[in-house]
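Reader: I am new to this structure and would like to know what the words used for it rest on. Could we go through them together?

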Amino acid sequence: MNKKVIILIFLVIIVAILGIIVGVGLFGDNENVVEEPPQEEYVEQVEDDQTETQEQQNSTENENILIVYFSHTGNTEMVANFIHEAVGGDIVKLETQEPYTNNYNDLLDIAQEERNENARPALSTQIDNIDEYDTIFLGYPIWWSDMPMAIYTFLDEYDLSGKTIAPFTTSGGSGLSGTPNNIAQEEPNATVTEGLSIRDNNVENSQSQVNEWLSQIRF
Ligand SMILES: Cc1cc2nc3c(=O)[nH]c(=O)nc-3n(C[C@H](O)[C@H](O)[C@H](O)COP(=O)(O)O)c2cc1C
């Protein structure tokens with residue numbers, strides 16, 4: 001009889017233990033069920049945040065770049081467009097209030113005179129939102145081993161402090177002619193990157209050279 005009671009008590013204890021184990025298991029499941037929705041919400045929230053961050057990055061990548069250039073016969077403009085295709089952002093052509101002649105010899109004289117006088121030809125192009133840009137790609141042809149004076153007007157009119165300026169040029173062979181240093185002197189609080197120089201007879205085939213330069217200066 002005593003043995004039967006002991007076995008009974010033993011069985012009751014085992015059943016009780018099993019009951020507790022099963023109970024805890026169920027409770028654990030219930031806990032997961034209860035917590036699942038917040039977890040899903042969290043995942044969705046994280047996904048939303050990631051999408052938003054990605055969108056912000058993309059828009060930042062595109063919106064904080066300005067490509068601004070002067071071009072008389074279209075060479076620098078073509079290079080500007082290659083850069084635009086590669087990096088996006090906004091693109092603006094600088095125009096002078098008084099257009100330059102298409103007579104090459106007369107233009108040579110006018111440009112030389114402007115340079116000798118350290119002239120600042122007035123621009124008809126106005127950029128109202130320059131503060132929004134972090135990086136300015138600045139393009140120009142080489143005129144008399146220097147930038148056209150209209151570029152000096154641009155640098156006088158706009159304070160590019162704190163911005164990165166990436167200079168690019170086209171020329172008959174003079175290269176950059178030290179113009180990045182001139183830009184750095186005009187904009188002492190800007191960072192001027194290594195410049196790009198393309199020969200005027202090679203502009204159409206310059207896309208790979210442009211892209212190489214962009215990756216060198218980390219674009
Ligand atoms: C007024 C003037 C001066 C120039 N001076 C130089 C020069 O000093 N060195 C040079 O290599 N090319 C010189 N060139 C050639 C231009 O830099 C070259 O053709 C350039 O690609 C023109 O660019 P654009 O088509 O964007 O105006 C000069 C051209 C002009 C019209």
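Author: Gladly! Let us begin with a term: a nonpolar core is a set of buried Ala, Val, Leu, Ile, Met, Phe, Trp, Tyr and Cys residues joined through C-beta atoms within 7 Å. A residue is buried if 20 or more other C-beta atoms lie within 10 Å of its own, exposed if 12 or fewer, and partly exposed in between, with C-beta atoms placed from the backbone. This is a predicted model, where local features need pLDDT of at least 70, side-chain atom pairs count only at pLDDT 80 or more, and totals for chains, interfaces and linings use all residues. Residues are numbered from 1 along each chain as its sequence is written.

Reader: Which residues of the largest nonpolar core touch the most other members?

Author: They are Ile67, Ile83, Ile136 and Ile151, in a core of 33 residues. Helix H4 (149-157) is among the elements that supply at least two residues each, and H4 gives the most, six residues. Helices (H or I, at least four residues) and strands (E, at least two) are DSSP runs, numbered from the N terminus.

Reader: What makes H4 "mostly covered"?

Author: Seven of the nine residues of H4 are buried. Met149, Ala150, Ile151, Tyr152, Thr153, Phe154 and Leu155 are the buried ones. Their cover includes H3, S3 and H5. Leaving out residues up to four places away in sequence, Ile151 touches Phe70 and Tyr140; two residues are in contact if their C-beta atoms, placed from the backbone, lie within 7 Å.

Reader: Why is S1 called largely enclosed?

Author: Five of the five residues of S1 are buried, so the rest of the structure largely encloses this strand. Ile65, Ile67 and Tyr69 point one way, Leu66 and Val68 point the other way, and all are buried. In a regular strand the side chains alternate between the two faces of the sheet.

Reader: How do you know that S1 and S2 pair?

Author: Two strands pair if DSSP finds at least two bridges between them. S1 (residues 65-69) and S2 (residues 90-93) are joined by four bridges and run parallel, so they meet that rule.

Reader: Why is the unit of S1, H2 and S2 called right-handed?

Author: A crossover is right-handed if, with the strands pointing away from the viewer, the path from the first strand over the helix to the second runs clockwise. S1, helix H2 (residues 75-87) and S2 make a β-α-β unit of that right-handed kind.

Reader: What makes Asn182 neither buried nor exposed?

Author: Asn182 has 18 other C-beta atoms within 10 Å, so this residue counts as partly exposed. Asn182 sits in helix H5 (residues 179-186). Its C-alpha atom is separated by 8.6 Å from that of Asp146, 36 residues apart along the chain.

Reader: Which residues are closest to the ligand?

Author: Ser71, Thr73, Asn75, Thr76 and Pro141 are the closest of the 21 residues that surround the ligand. A residue is near a molecule if its C-beta atom, placed from the backbone, lies within 6 Å of it. H2, helix H3 (104-116) and S4 each supply at least two residues of this shell.
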